[in-house]
Amino acid sequence: MDIQRLPFDERAILQGVRRWVECESPSWDGAAVSRMTAQAGTELQQMGAQVRGIPGRDGHGDCVLGDFAPDDASPGILILGHLDTVHAIGSLAGPMPWREAEGRAYGPGLFDMKSGNFLALEALRQLRAAGWGTRLPVRVLFTSDEESGSPTTRALIEDVARGQRCVLVPEGAQSAGRLVSGRFPSCRLRLWTRGRPSHALIQREAGRSAIAAMARVILAIEAMNGGDVAYTVTYLHAGLTVATVPVESYAELVCTARSAEVLDAAIARIRAIADADPDGALEVRIKTQRPLWVRSTADIALWEHAQRLGRSIGLDLTYDAAFGGSDGNFTGALGIPTLDELGPAGADAHQLSENIEVASLVPRARLMAGLLATLE
């Protein structure tokens, strides 16, 4: 089997990826994400998979599971990706139009991670069109809330992944030669500060501002950033009425660290701020957590297999443990061999300049096809 013979077409892949990008699917818009998962489900079905839609909950969109060997219950390969993005509907028509320039393509959710998801299906399409089977059954799970921390899909991911031989995660790659085997832990925290209302003009001193309290908390958190731990406040909402000292403020915070112990200590430092508040104005709750994924010998063996395949198609691949959570944290932490960042190379995830390197599409598609065809 010569993977180089598979007729991957760069322009055709890019057109397919663009179709997915143009179905905008912000994580907080369940209906929009469900439209995207329905589109992916249709393509999976057209490819011959048995498709099951999994209804979303708590305002999040639906997920979709495609099984290319529904009569074979033996351990197989799970392709795991998410179809939600961080970009609001209207981004394409506004600050993030689809464009191509100087060897890169730009668009909302293109790098994180619609291009990788589409590429994984394209690898399967080409293998099937060539009449080349896979040695293991292949399943595909696309989820709907990874950008929100996977609050409703972690149990689904873990349930589907248990018993599989390995998991391939086509998140975008930070460089054309990088794969990820191991990820640091992270968590999302919910913060509330509560004040006391009063007239903002004539009785300001009688009130206690929840906004001012939250501002002090945010500055204290920002001052705790260091080499082994990172805190970022990502969302803030405050003030309920006009001309009133605000009674409540709400914020969300993401935190990541180099070890589970450091993360636990980082969370404890946030809680200590609340405990030290004499007015009891600050409340802290954990929203979601991604566990530490430490490379196992099986993870390393999977990467080494990918490295050998890469050399056969002209890719010099390295591996690294990474900050930045993915759903691969869950499967890797379960001890299921997992390989991440298998998607196209790109940059600027979550930014208005989010992009991929067009030239990386075909080599990365060949790598994915080679893994699907040879893992056993």
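A: Let's start with a term for how much of a residue shows: buried means under 20% relative accessible area, exposed over 50%, and partly exposed in between (1.4 Å probe, protein chains only). This is a predicted model, where local features need pLDDT of at least 70 and side-chain atom pairs count only at pLDDT 80 or more, while totals for chains, interfaces and linings use all residues. Residues are numbered from 1 along each chain as its sequence is written, and side-chain values use heavy atoms, with hydrogens and water left out.

Now for some surface. Arg 204 and Glu 205 are both exposed, and their side chains join in a salt bridge at 3.9 Å, N to O (a side-chain nitrogen of Lys or Arg within 4 Å of a carboxyl oxygen of Asp or Glu). Arg 258 has a salt bridge too, with Asp 228, and here the closest N and O atoms are 3.5 Å apart. Arg 258 is in the loop between strand S11 (248-257) and helix H6 (260-275), and Asp 228 is in the loop between helix H5 (210-222) and strand S10 (229-238), so this bridge ties together parts that are 30 residues apart in sequence. (Helices, H or I with at least four residues, and strands, E with at least two, are DSSP runs numbered from the N terminus.) Arg 258 counts as partly exposed at 41%, and so does Asp 228 at 44%.

Another bridge joins Glu 22 to Arg 18, with the closest N and O atoms 2.8 Å apart. Glu 22 is partly exposed, with 42% relative accessibility, and Arg 18 is partly exposed at 36%.

Next, the rings. The model has 5 aromatic pairs (ring centres within 6.5 Å, using the six-membered ring of Trp along with Phe and Tyr; planes under 30 degrees apart are stacked, over 60 edge-to-face, the rest tilted). Trp 20 and Phe 118 have ring centres 5.5 Å apart and planes at 85°, so this pair is edge-to-face. Trp 20 belongs to helix H1 (residues 10-21) and Phe 118 to helix H3 (residues 110-129), so the pair ties together parts that are 98 residues apart in sequence. Trp 20 is buried, at 0% relative accessibility, and Phe 118 is buried as well, at 3%. With Phe 142, these two residues form one aromatic cluster.

Of its 60 residues, Phe 142, Leu 168, Leu 339, Leu 367, Leu 371 and Leu 372 touch the most other members. Elements giving two or more residues to this core include H1, H3, strand S6 (138-143), strand S7 (166-168) and helix H9 (361-374). Setting aside neighbours within four places in sequence, Leu 168 contacts residues including Ile 77, Ile 79, Leu 339, Met 368 and Leu 372 (contact means heavy atoms within 4.5 Å). There is also a second, separate core of 21 residues, with Leu 191, Met 214, Cys 255 and Ala 266 among them.

Note on methods:
A nonpolar core is a set of buried Ala, Val, Leu, Ile, Met, Phe, Trp, Tyr and Cys residues joined through side-chain atoms within 4.5 Å.
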